[in-house]
Amino acid sequence: MAELPMGKGVSAGKIASNVQKKITRAQEKVMQKLGKADETKDLAFEEGVINFNKQLVEGTKLQKDLRAYLTAVKAMHESSRRLYECLDDMYETEWYGRKKMDAVVEDSDLLWTDFHQKLVDHALISMDTYLGQFPDIKARIAKRDRKLVDFDSARHNFAAVNKGKKKEGVKITKPASLLERAAPSWAQGILSAHNVAQTSLSRSQAEEELERAQKVFEEINIDLQEELPSLWNSRVGFYVNTFQSVAGLEEKFHREMGKINQNLYDTLDKLENQDMTSERTQDANHTLSPGGPPAIPKSPSKLRPAVPPPPKVTPSKDLKQESIINLFEEAATPNISVTSPTEYDAPATGNLLDMDLDSLQAATTPAAQTWDSWETAETTAVTEEAAAAEPVSETVQESAESPESVEMPESFLFKVKAMHDYNATDSDELELKAGDVVLVVNYENPDDQDDGWLMGVKEADWIQQKDLGKKGVFPENFTQRM
């Protein structure tokens, strides 16, 4: 318990000393501002302090922006992770590249994590270390300012003591003469010695205080004079290293992320191509199947393709007729001697009863044989020509099967045969029964044609009416081209 009052006394004495120092410094600054006391100036040091404060402001802003950048990277990492996980959840097991998709999601997450950690290690920690030295230097600059005021105060006090010594010597002379007159001779010597000792003690204390204040100030001042320029010059190298680190890490991150994104793009592209190939295979496979009729393509009234198919080239009616005529001319090319019955001499009578039938039979028998030979040769030539020229074989076979050639619609393309029954679901669709023959014609507007659908009219309706009024659309995969 005895040490507690001593401790309190020491604390109280220290507080009193600090209060006295603050009062003395405040008085000194007031005297300096009023111009009654000079102030020690160091322009080089003041410039260093200005640079120090500027450097501190720039570094603090850089640290703030760097932390914001790291926060954004972390948020972007989280958003990217959720996006890729969403894609991974939607990616079905049987789809192409399922394992590649899992690898893309994992690699992307690891790359983001590594990028963020390296930014912390190579940029943020260095930034914090760089700014960590500023508070200590700032405190020492403030201490130097206080010690400079103490030094100026001690210097002014010492000057005042030296100046007052002469005045006190003059004032002491007069009383001393009075004391010498009033006091005994032995007391006069003691009084004179006391005055001299008192003056010397005040001067000595002022000198010691000045030396102590000067020493403390110079120790702090010398260190700061060396550190401030060095700290100011270090900012260039630090800024270079910081931004080179960030730029290098970003470049590497985006390069590796680009590879991951390219793998993802290629995988999805192959998935799309594989899916489109599968759809085209299903659309092309419209032949008869044991399970029944194929699926009906989407109705033109419900779905319009984004890009209409190119118009088909339709042979004109004149071209077809010209081909048929040429075909028969080429078939009749062999030089077959055909003699018309009218070229033989006949009795000049108008009635067949008056003619000599025996002579007529003898005369016409070779001619009849020649006609049959010509007919056989023509049929043979037509058959051979039809085999060589497949595009017009169907037209020729119509001409051979019917006594009169059936005229096709102007926009006729080809024939198809219905392999399954089709019940029309709309007014513009064609009702089909298995075995019906349909004449396929062009759409009036090519943009109206949809994939998997054809426009046509039943052959029976066309032969009877020669009119396209009953034409309609029908699914192509329900028919087979003849």
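Biologist: How do you know that strand 3 and strand 4 pair?

Modeller: In this predicted model, strand 3 (residues 453–458) and strand 4 share 4 bridges in the antiparallel sense. At least two bridges are needed for a pair, so the call holds. One of the bridges joins G456 to G472 in strand 4.

Biologist: And what makes strand 4 and strand 5 edge strands?

Modeller: The order in the open sheet is 4-3-2-1-5, with antiparallel pairing. Strand 4 (472–475) and strand 5 (479–481) each have a single partner strand, so one side of each has no neighbour in the sheet. On average, neighbouring strands are turned by 50° against each other, direction ignored.

Biologist: Why is the pair of Y422 and W453 called edge-to-face?

Modeller: The ring centres are 6.3 Å apart, and the cut-off for a pair is 6.5 Å, so they qualify. Their planes stand at 75°, and over 60 counts as edge-to-face, hence the name. Y422 is in the loop between strand 1 (412–418) and strand 2 (437–441), while W453 is in strand 3, so the pair ties together parts 31 residues apart in sequence.

Biologist: Why do Y422 and W453 count as buried?

Modeller: Buried means under 20% relative accessible area; Y422 has 2% and W453 has 1%.

Biologist: Why does D150 count as buried, then?

Modeller: Its relative accessibility is 18%, and the limit is under 20%, so D150 makes it. D150 sits in helix 4 (residues 134–182), and beyond its neighbours within four places in sequence it contacts R25 and A213.

Biologist: What makes R481 a charge over the ring of F414?

Modeller: The charged end of R481 is 3.9 Å from the ring centre of F414 and sits over the ring; the distance limit is 6 Å.

Conventions: Residues are numbered from 1 along each chain as its sequence is written. This is a predicted model: local features need pLDDT of at least 70, side-chain atom pairs count only at pLDDT 80 or more; totals for chains, interfaces and linings use all residues. Side-chain values use heavy atoms; hydrogens and water are left out. Axes are lines fitted to C-alpha atoms, for helices over the stretch in contact, and angles run from 0 to 180 degrees between N-to-C directions. Buried means under 20% relative accessible area, exposed over 50%, partly exposed in between (1.4 Å probe, protein chains only). Contact means heavy atoms within 4.5 Å. Rings of Phe, Tyr and Trp (its six-membered ring) pair if their centres lie within 6.5 Å; planes under 30 degrees apart count as stacked, over 60 as edge-to-face and the rest as tilted. A charge sits over a ring if NZ of Lys or CZ of Arg is within 6 Å of the ring centre and within 35 degrees of the ring normal.
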